[in-house]
Amino acid sequence: MRTELTYSATLPANTSTAVLVPGRDQLPVELFSADELNYINRQLELKSTLVSLNKYTHQLYLLLTEPKKKETQTQEALRKAGHALQQRLLADKVENVVLLDGADGEAALYVAEGLVLSNYSFQRYKTEKATPPCLKTVTITGVGVTQTQVMELSHLLEAVYQTRDLINTPPNMQTASMLSDQIQEMLQGSGVEVEVLDQVQIQSLKMGGLLSVNQASDESATFNILEWKPANATNAQPVILVGKGVVYDTGGLSLKPTPNSMDYMKSDMSGAAAVAGTLYALAKNEVPLHVIGLIPATDNLISGKGFAPGDVITMHSGHTVEVLNTDAEGRLILADALHFAKRYNPALVIDIATLTGAAARAIGREGIAMMGTADDLLKTDLKLAGEMAHERLVEFPLWEEYQDHLKSEIADLKNIGGAEAGAISAGKFLEFFTNYPWIHLDIAGTAYLLSPDSYRGKHATGSSVRLLYHFLTSQATA
């Protein structure tokens, strides 16, 4: 079930309403009786931040949203307040709620963001005892926001929902070809053009990285090209997003352990899903920016015909790679896509991938590892977008010395470095196949959570969709 986000110019009558106030001195007293105000003040003195009143025909909630030191911290606190409100609405079995900012600001947008994202539920394969969240609509009203803002946010949150759905889909329901079909269905009617290259076309392009990873599979690989090119695009050269599309990863002959590893590797296509979700949001909101998405897709399975540690493969670029670990497969398919991106003469290429456990171990589920060769201004803009979305970026270096980690005695380079700086050597491998401004985002720690985390929920989070959307819209208006 989807939660619909809507706008109303006036406050609907007899509908459960959450009133947002930044402090006790800004209580909209006209909405409450004297007895209710006494009760509210007593609750606030007890440090309550969420006060509920039963109005018989509907519930009335007061949400205290005191500002923090930084604006982005305030925005994140509002999203978390939205999560707390969703938990209360769930307990009260509220189906429709109105958000009203008592201070006539934009707080309702951020509360709605946390509220709607918290209400996501993936129950597609349940046949009985399915209990989807009962919240159906969230309506924002008040003079501080416009219908345009609400609709933009609605489309962005729907993009995150769609991204989460793709990631949560089990591997037997999502081969590479199925993923291509699902992306086409998702983007149908959005204005995004989708071209899917099949196995024969991939072979003709000599994409040795993608073909090698796919060797063990009975299912064909695909290479997906998504293009949003509005007539009023502000950029002469496109921005390209490259997403890792490993629909299931056993590790190949370098077999992964389980549990808490192979058993959630349906999420190894989170980068691909994020690219599709970002293109969806850009198109639905008609952002005037030419953006291309490239998604190499395959599974990484085990069979007698699979590639093996010790193999030497020839990439789309013509370079040779000594494979020393078949579980370092994501960088192989991304390298082919990154070289393919050169034909578009891009202004910037960003790849998004659940690439290394090293990145997750370094910064946990709290942040995204970033590295790249783009200029500092672009990287700063991306970091600012990360602060805005609370999908924060930690930049790792790409010093020349790290290339030594990838030296091979028999090929141009090998596909893994040593035990140290694993996330960086993976990024350094990707850099080898670029000759344009490039940024790498390793979302291994943030894409799929094994325990709930506020509005990000449990399992697929849709990581980097909101980040990329905020960044790309800023570039369109720069």
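Two strands count as paired if DSSP finds at least two bridges between them. Strands (E, at least two residues) and helices (H or I, at least four) are DSSP runs, numbered from the N terminus. The model is predicted: local features need pLDDT of at least 70, side-chain atom pairs count only at pLDDT 80 or more, and totals for chains, interfaces and linings use all residues. Residues are numbered from 1 along each chain as its sequence is written, and side-chain values use heavy atoms, with hydrogens and water left out.

**View 1. A three-stranded open sheet.** The strand order is β12-β13-β17, and the pairing is mixed. β12 (312-314) and β17 (413-414) are the edge strands; each has a single partner, so one side of each lacks a neighbour in the sheet. Strand β13 (residues 320-322) runs parallel to β17, and two bridges join them. Glu322 sits opposite Lys414 of β17.

**View 2. Two domains of the protein chain.** The assignment gives domain 1 (4-142) and domain 2 (157-477). Such bounds come from an automatic or database domain assignment. The domain centres, taken over C-alpha atoms, are 36 Å apart.

**View 3. The interface between domain 1 and domain 2.** In contact (heavy atoms within 4.5 Å) are 19 residues of domain 1 and 16 residues of domain 2. Buried area is the accessible area (1.4 Å probe) that two parts lose on being put together, summed over both. Here that area is about 1,600 Å², with 60% from carbon and sulfur atoms. Leu117, Tyr120 and Tyr125 supply 38% of what domain 1 buries against domain 2, more than any other three residues.

View 4. A salt bridge requires a side-chain nitrogen of Lys or Arg within 4 Å of a carboxyl oxygen of Asp or Glu. Two salt bridges link domain 1 and domain 2. Arg124 forms a salt bridge with Asp165, with the closest N and O atoms 3.8 Å apart. On the side of domain 1 that touches domain 2, α2 (71-92) and α3 (107-118) each supply at least two residues.

View 5. Which residue does Asp92 meet in a salt bridge? The partner is Arg88, at 3.4 Å from N to O. Asp92 and Arg88 are four residues apart in helix α2, so about one helical turn separates them. Across the whole structure, the search finds 22 salt bridges.
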